Amino acid sequence: MTTPLEAAEPAAVQAAGPGEDRPARHGTLKYALSKAGGALFSIAAVIVGTFFVFRLLPGDPVRNLAQGRNMTPAQLDMERHRLGLDKPVLDQFFDFVGKTLRLDLGTSYEYKRPVLDLIGERIGPTLLLAGTGLVIAVSLGLWQGTRAGWQRGSRFDRFSTGLSLVLWSVPTFWLGLLLMMVLGVGIGPIPGILPFRGIESVDAPDGFAYVLDVASHMVLPCLTLVAVIYAQYLLVMRSSLLEEVSQDYITVARAKGLRDDEVRRRHAVPNALLPTVTLVFMRIGFVVGGAVTVETIYTWPGLGQLFYRAVRVPDFTLMQGTFMLITVAVILMNTLADVLYHVLDPRVRSA
């Protein structure tokens, strides 16, 4: 049976031998290199913008760090000199660029430790939370999107689409506080049933009991993260499936007597997955960035909470390091998604 991917290719391409497929590979390589060049330019812009934008934040890092300590103006000036904050802005900028190119993100003002070490300690909890939330959101979105698109106009379609749009529109911090109040703190005589602070209990057990303890602490932040991101996967999958249902090959498959479930599973869904697969890669970086709000609400010890504490000082080196990591992840994942879509869908290559 001819799929839409096969039908989209010219007959000459379908009949081409291994030697004649070189122009397609050359085109894909050229496309990937152009996207890589664009990604490098975006990263360079991020490095420049990160330095100057954060310098616009109000507050004096040295004075904020000296709160509660009786420091004379001379001592404050010595601290500024130690941190390099007494240099001209352009000198600070060139120092920052030079260190960044050497993969040296500097030393945190508040923690007095290398920023890379702090990021290395906090990236694990962030990947655990964001990765778990992404897997659940993608699985839930694909399942609901497939069923809603295949049963267009049904009660399930209307309910799932409406609910996902409502949750997608709700501010993350508001939803997180609401879930914390209802399921964590409790309302009136109804007690809270789930922990809502940190990644583990103060008296955390060992072994498998520790895994269960961490899992219980993950429920609320993960539920908040999933609720606000799964709608995009549902809507993209539903839209892609509705487009595939109207194609001729679906009509032919049904005319051959294939069961409805088999037509959906073997023909419609695999082709409808293409846009969703690329969306998953595109959103990986955004999910990590979106965890900033969730981690702050639930005091989850990840990059989000680290960035929030850096903003409060403001700790320029720590803000720059965490922000660049998140932004570069978004850029790289978007680039990978563009190249992957170009490779998977021949219709894009032939356009």
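## Helix α11 and the residue after it

In helix α11, which spans residues 248–255, the buried residues (under 20% relative accessible area, against over 50% for exposed and in between for partly exposed, with a 1.4 Å probe and protein chains only) are Tyr249, Ile250 and Ala253. Because they cover an arc of only 105° around the axis, they lie on the same side of α11; the arc is that of the directions from the helix axis to the C-beta atoms. The face of α11 turned away from this buried side carries Asp248, Thr251 and Ala255, which are exposed. Just after α11, Gly257 takes a positive phi of about 95°.

## Basis of the model and overall make-up

This is a predicted model, in which local features need pLDDT of at least 70 and side-chain atom pairs count only at pLDDT 80 or more, while totals for chains, interfaces and linings use all residues. Residues are numbered from 1 along each chain as its sequence is written, and side-chain values use heavy atoms, with hydrogens and water left out.

The protein chain has 15 helices and 2 strands, where helices (H or I, at least four residues) and strands (E, at least two) are DSSP runs numbered from the N terminus. Of its 351 residues, 39% count as buried. Among contacts in the protein chain (heavy atoms within 4.5 Å) with a separation of 6 or more, 75% are accounted for by residues 24 or more positions apart.

## Helix α8 and its two sides

Helix α8 comprises 15 residues, 155–169, and reaches 21 Å from its first C-alpha to its last, close to the 21 Å expected at 1.5 Å a residue; the expected span is 1.5 Å times one less than the number of residues. Its buried residues are Phe156, Asp157, Ser160, Thr161, Ser164 and Leu167. They sit on the same side of α8 because they cover an arc of only 135° around the axis. On the other side of α8, Arg155, Arg158, Phe159, Val166 and Ser169 are exposed, whereas what covers the buried residues includes α7 (115–150) and α10 (208–245).

The axes of α8 and α10 come within 8 Å and cross at roughly 135°, axes being lines fitted to C-alpha atoms, for helices over the stretch in contact, with angles running from 0 to 180 degrees between N-to-C directions. The two helices are therefore oblique to each other, since angles under 35 degrees count as roughly parallel, over 145 as roughly antiparallel, 65 to 115 as roughly perpendicular and the rest as oblique. The α8 and α10 crossing is left-handed, a term used if the near helix is turned anticlockwise from the far one by less than a right angle, and right-handed if clockwise.

Helix α9 (residues 172–185) also meets α10, with axes that come within 10 Å and cross at roughly 140°, which makes α9 oblique to α10. This crossing of α9 and α10 is right-handed, and its contact residues include Leu175, Leu179 and Leu183 of α9 and Leu220, Leu223 and Ala227 of α10.

## Two buried positions

Leu306, in helix α13 (residues 303–312), counts as buried because its relative accessibility is 0%. Leaving aside neighbours within four places in sequence, Leu306 is in contact with Tyr111, Leu118, Ile119, Arg122, Leu318 and Thr322.

Thr146 is found in helix α7 and is buried, with a relative accessible area of 13%. With neighbours within four places in sequence left aside, Thr146 is in contact with Met237, Leu241, Arg264 and Val269.
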